[in-house]
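Trainee: Please take a close look at one part of this model and follow it out to what surrounds it. I would like the cut-offs stated as you go.

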Amino acid sequence: TGKPVLVAIHGGGFTGGSKGQNQIVAFCEHFAQRGWVAFSIDYRVARNRGSIPADWTPPAESRNPDQYRALYPASRDSKAALRWVHSHVDEYGIHPDYITALGGSAGSFLAIMLGVSDGPDYRDELSEDDDPTLASTHLDARADVATVIDHWGGPALVNLLQARNGVNRFDGEDAPISIVHGREDPTANFARGEEVRDLCVAAGLDHVFYPFDGGHGAWGTRINGLRLPELAMQFVVDRQGLSVED
């Protein structure tokens, strides 16, 4: 009982990928072998469509409207998956106050959103009349995490919330974030990692920033001599005040 939790979220540019992604499974195994309960989640990508709010329309300058439309269902599904975890704490013997959201690329955009957004975000924009499937997504459950592990992600999903109502979601009470980003990243530009860092600094949000000389999806990177699963666990153990026995 009382086990900590890892919720791992795959990448794929919101157009592909799955919970069976090798690198994400490797993180789940690394944590599970050390006593965590690990969940690798799926979410709808562009080809799956999905209900979106009426005002969730791509900007005129959008280069990929389908990808833009996919951001809402992907975010809603990830939030629903987190509520599902909170709703099954007894079944899996987990502690709801020790949940980590971890991602890679698009999965890190989602992980950051889970750590920073408010409860109603990506939940209440649609009603059950708009989309009856909402009724099956544990709407009254918690949807918070204790730590976030970001691998070459960005704050876009949080920025979109602020653009809708002018409220900055980043604050000093959000989950601490570990930011890992390559300086030569051609996919999620390094500036996105810097933006997450700067938003944390401005909000007084606990974070660490690990820039490295490399590109996108550099899962074999070592930082301070640690493999990325080891680095992630070090951050989680430290920020959550856990102890791990060898």
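Mentor: In helix 5, the buried residues are Leu157, Val158, Leu160 and Leu161. Buried means under 20% relative accessible area, against over 50% for exposed and partly exposed in between, with a 1.4 Å probe and protein chains only. Helices (H or I, at least four residues) and strands (E, at least two) are DSSP runs, numbered from the N terminus. These four residues span an arc of only 155° around the axis, so they lie on the same side of helix 5; the arc is that of the directions from the helix axis to the C-beta atoms. An α-helix has 3.6 residues a turn, so residues three or four places apart point the same way.

The model is predicted, with local features needing pLDDT of at least 70 and side-chain atom pairs pLDDT 80 or more, while totals for chains, interfaces and linings use all residues. Residues are numbered from 1 along each chain as its sequence is written, and side-chain values use heavy atoms, leaving out hydrogens and water.

The buried residues of helix 5 pack against helix 2 (65–87) and helix 4 (106–116), contact meaning heavy atoms within 4.5 Å. After helix 5 comes Gly166, with a positive phi near 75°.

The structure holds 14 aromatic pairs: rings of Phe, Tyr and Trp (its six-membered ring) pair if their centres lie within 6.5 Å, with planes under 30 degrees apart counted as stacked, over 60 as edge-to-face and the rest as tilted. Trp152 and Trp219 have ring centres 4.8 Å apart and planes at 70°, so this pair is edge-to-face. Trp152 sits in the loop between strand 4 (147–151) and helix 5 (156–165), and Trp219 in the loop between strand 6 (207–212) and strand 7 (222–223), so the pair links distant parts of the chain, 67 residues apart. Trp152 counts as buried at 1% relative accessibility. Phe27, Trp152, Phe212 and Trp219 form one aromatic cluster.

Strand 3 (residues 94–104) and strand 4 pair in the parallel sense over five bridges; two strands pair if DSSP finds at least two bridges between them. Gly103 stands opposite Asp150 in strand 4. The open sheet has six strands in the order 2-1-3-4-5-6, with parallel pairing. Strand 2 and strand 6 are at the edges with a single partner strand each, so one side of each has no neighbour in the sheet.
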